[in-house]
Amino acid sequence: MEVLRPQLIRIDGRNYRKNPIQEQTYQREEVEEDFYQGSMECADEPCDAYEVEQTPQGFRSTVRAPSLLYKHIVGKRGDTRKKIEMETKTSISIPKPGQDGEIVITGQHRNGVISARTRIDVLLDTFRRKQPFTHFLSFFLNEVEVQEGFLRFQEEVLAKCSMDHGVDSSIFQNPKKLHLTIGMLVLLSEEEIQQTCEMLQQCKEEFINDISGGKPLEVEMAGIEYMNDDPGMVDVLYAKVHMKDGSNRLQELVDRVLERFQASGLIVKEWNSVKLHATVMNTLFRKDPNAEGRYNLYTPDGKYIFKERESFDGRNILKLFENFYFGSLKLNSIHISQRFTVDSFGNYASCGQIDFS
């Protein structure tokens, strides 16, 4: 991150600058204190976006947040909460750990309550971003024809390319888990899962029905490509997914879903468009068959994970299987898939879905 171009955190239509800190050199509690002291620029500016209630005792505002994030507002020995209270002349009530509820801010002055609310929102947003992804929006690609095509691909690759560096059976995807990811989610409560279900339903009513025509999208899974720049050192190889009729409807649909979820804050904006792909080989599987690609970046307490991986030489695979045909299928549902879980069919467990027909 450049000092002159700090990260911007957008909350309720306003931008706040997050000043850089060297998080990797501190213990967890110290990170919170350093973050608090270095990233509250603009937090004292009045903001009319917040709902502040006038009471006989002064002013009151509430913040709803998952209980998992309460500790980041409390801080080490309660220091973070005390500091916000002292500097904004407010009182902050936080539910006990494990209990769902609202963070309640009260104070004699409206601007003080707003300032405290802004600081809390910045903290919640920052530490939410450090949580590992829990769910993802996806299409299942595990119909029988495609699974059989994938197993044929695996068999032929191992027969023709097993002598190439790093190529072995351990780096192939589980065919039952073949999927197309639309976007990654951090859902920390049942309430947030329900919110995601409702957002998907809104997408269906507002534009998915029009794009799909109320029918499944007929697609083909064909051709392979790699993620990085060097075909001799590949970590992720994927199959391409496209509409059978040659139209752009699938890309349009997933991009609009992504845009809607980014605008709501449920998905952090990293990309403007979804890369339509289905991972078929991933070197993270070599040591952990349940690894889930580039998304294993943080532990639940927000510490960065470095996963060492041994790349494979994909040049012969790309040459021999460039246009490999995995099969065709009909996409009729978008799922809220839960990471690290499986259903009775061996696929990712679904917490909710919408159907096109």
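A salt bridge is a side-chain nitrogen of Lys or Arg within 4 Å of a carboxyl oxygen of Asp or Glu. Keep that cut-off in mind for the first stops; the model on screen is predicted, and it holds 14 salt bridges.

**Stop 1: helix 3.** Select residues 79–88, which make up helix 3. Within this helix, pick Lys-83 and Glu-87, which are four residues apart, about one turn of the helix. Their closest N and O atoms are 3.1 Å apart, and the two residues form a salt bridge. Lys-83 has 27% relative accessibility and counts as partly exposed. Glu-87, at 37%, also counts as partly exposed.

**Stop 2: helix 4 to helix 6.** Select Arg-128 and Glu-192, whose side chains meet in a salt bridge at 2.4 Å, N to O. Arg-128 belongs to helix 4 (residues 110–129) and Glu-192 to helix 6, so this pair ties together parts that are 64 residues apart in sequence. Is Glu-192 buried or exposed? Its relative accessibility is 10%, so Glu-192 counts as buried. Arg-128, at 21%, counts as partly exposed.

**Stop 3: helix 6 to helix 7.** Stay on helix 6 and select Glu-206, then Arg-260 in helix 7 (residues 249–264).

**Stop 4: the nonpolar cores.** Which residues touch the most other members of the largest nonpolar core? Select Phe-153, Ile-317 and Ile-334; the core has 58 residues in total. Helix 6 (residues 190–212) supplies the largest share, seven residues. Next, centre the view on Ile-317. Beyond its neighbours within four places in sequence, the contacts of Ile-317 include Phe-153, Val-157, Ile-224, Leu-237 and Met-281. A second, separate core has 22 residues, among them Tyr-70, Ile-84, Ile-94 and Val-113.

Stop 5: Turn to the open sheet of four strands, which has the order 3-4-6-5 and antiparallel pairing. Its edges are strand 3 (53–55) and strand 5 (90–93), each pairing on one side only. On average, neighbouring strands here are turned by 25 degrees against each other, direction ignored. Strand 5 pairs with strand 6 (residues 102–107) over four bridges in the antiparallel sense. To finish, select Ser-91 and its bridge partner in strand 6, Thr-106.

Methods
Residues numbered from 1 in each chain as written. Predicted model: local features only at pLDDT ≥ 70, side-chain atom pairs only at ≥ 80, totals over all residues. Heavy atoms only, no water. Core = buried A, V, L, I, M, F, W, Y, C linked by side-chain atoms within 4.5 Å. Buried < 20%, exposed > 50% of the residue type's maximum accessible area, 1.4 Å probe, protein only. Helix = DSSP H or I, 4+ residues; strand = E, 2+ residues; numbered from the N terminus. Contact = heavy atoms within 4.5 Å. Pairing = 2+ DSSP bridges. Axes fitted to C-alpha atoms, helices over the stretch in contact; angles between N-to-C directions.
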